[in-house]
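User: I have a protein model open and want to read it step by step. Can you take my questions one at a time?

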Amino acid sequence: VGLRPVVMASTYEKILCYPRDSATLLSLRTGADKKMVWCPDDSEFGFAPAEVTNEGPNEVEVKLVSGEERTLKGSLDQQHKKNPTKFDGVEDMSDMSILNEPCVLYNLSKRYDHDLIYTYSGLFLVAINPYKQLQIYSPEMVDFYTAKRRNEVAPHIFAVSDTAYRAMLGDRRDQSLLITGESGAGKTENTKKVIQYLASVAGRSHGEGVIEQQLLELNPMLEAFGNAKTLRNNNSSRFGKFIRLEFDNQGCIAGASLESY
């Protein structure tokens, strides 16, 4: 039996960990004492970072990175405060000291710029459609995430899938994964990845059994009958799916069913 390649730590860090380069470390030291806020902006992002230069009870004076100076109405506590630079690209947004709309969008944007499409928000996993192929779903990556604690590895749909699978084995209770989002967000694709992961770790012959292969082929067959092309999604599901996987006492997949609605 051939052995599968092992994901090296350097490869894992390169494709799934937020980089901390020398420029980032320098900004951590130089910008630690600055008071920063998010200033409403006409850019696509909608906000721009600004340093507080003077604050009063009814208004705050700020200076943007471009050098432009502005006056914002309201006290400093009424502004959208910005997190320190050390929180840029954080894996779990519940760890941020300040949690507001621009802080959340900024963190997701910083991670997305590095092809890090998965980010935790407490118990939830936020996924953003990369609109391109990423090398993060290989069989070797399945092996890497198997039996790892969620806080030991980078955010990934495999980590969530493994957590649910281990909870089922340990607690002997049914587990559920709810995958929701707007059209084109990646619900169908992430559902496939959950099935891929479970078919591999809970399947016979490392996912090569008959039931496992039928399970993996289930979604593409349904897509051929029920999906359509829309303005925002070339492969839009026109129906909801409830997929039930059944396991035997050893934790191996024993069967599956699917209901559409």
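This is a predicted model: local features need pLDDT of at least 70, side-chain atom pairs count only at pLDDT 80 or more; totals for chains, interfaces and linings use all residues.

Analyst: Among contacts in the protein between residues at least 6 apart in sequence, some join residues at least 24 apart. Their share is 44%.

User: How many helices and strands does the protein have?

Analyst: The secondary structure holds both kinds of element. The count is 8 helices and 11 strands.

User: What percentage of the residues is buried?

Analyst: Buried here means under 20% relative accessible area. The protein has 261 residues. The buried part is 34%.

User: Why does the end-to-end distance of helix H3 agree with what it should span?

Analyst: Helix H3 covers residues 101-112, which makes 12 residues. The expected span counts 1.5 Å for one less than the number of residues. So H3 should span 16 Å, and its end C-alpha atoms agree, at 16 Å apart.

User: Which backbone nitrogen does asparagine 100 reach at the start of H3?

Analyst: Asparagine 100 uses a side-chain oxygen. That oxygen comes to within 2.9 Å of the backbone nitrogen of cysteine 103.

User: Which residues of H3 are buried?

Analyst: Cover for the buried residues of H3 includes strands E1, E2, E5, E6 and E7. The buried residues are Pro102, Cys103, Asn107, Leu108 and Arg111.

User: Which elements give two or more residues to the lining of the second largest pocket?

Analyst: This pocket has a volume of about 870 Å³. Its lining has 30 residues, and those nearest its centre are Phe124, Leu125, Val126, Leu178 and Ile179. The elements are E7, helix H5 and helix H6.

How values were computed. Residues are numbered from 1 along each chain as its sequence is written. Side-chain values use heavy atoms; hydrogens and water are left out. Helices (H or I, at least four residues) and strands (E, at least two) are DSSP runs, numbered from the N terminus. Buried means under 20% relative accessible area, exposed over 50%, partly exposed in between (1.4 Å probe, protein chains only). Contact means heavy atoms within 4.5 Å. A polar contact is a pair of N or O atoms within 3.5 Å; within protein, one must be able to donate a hydrogen and the other to accept it, and residues adjacent in sequence count only if both atoms are side-chain atoms. On a 1 Å grid over the protein atoms alone, a cavity is a set of points where a 1.4 Å probe fits but cannot get out, and a pocket is an open set with protein on both sides within 12 Å along at least five of seven lines; lining residues have an atom within 4 Å of a point. Grid points are joined across faces, edges and corners, and a volume is the space filled by probe spheres set on the points.
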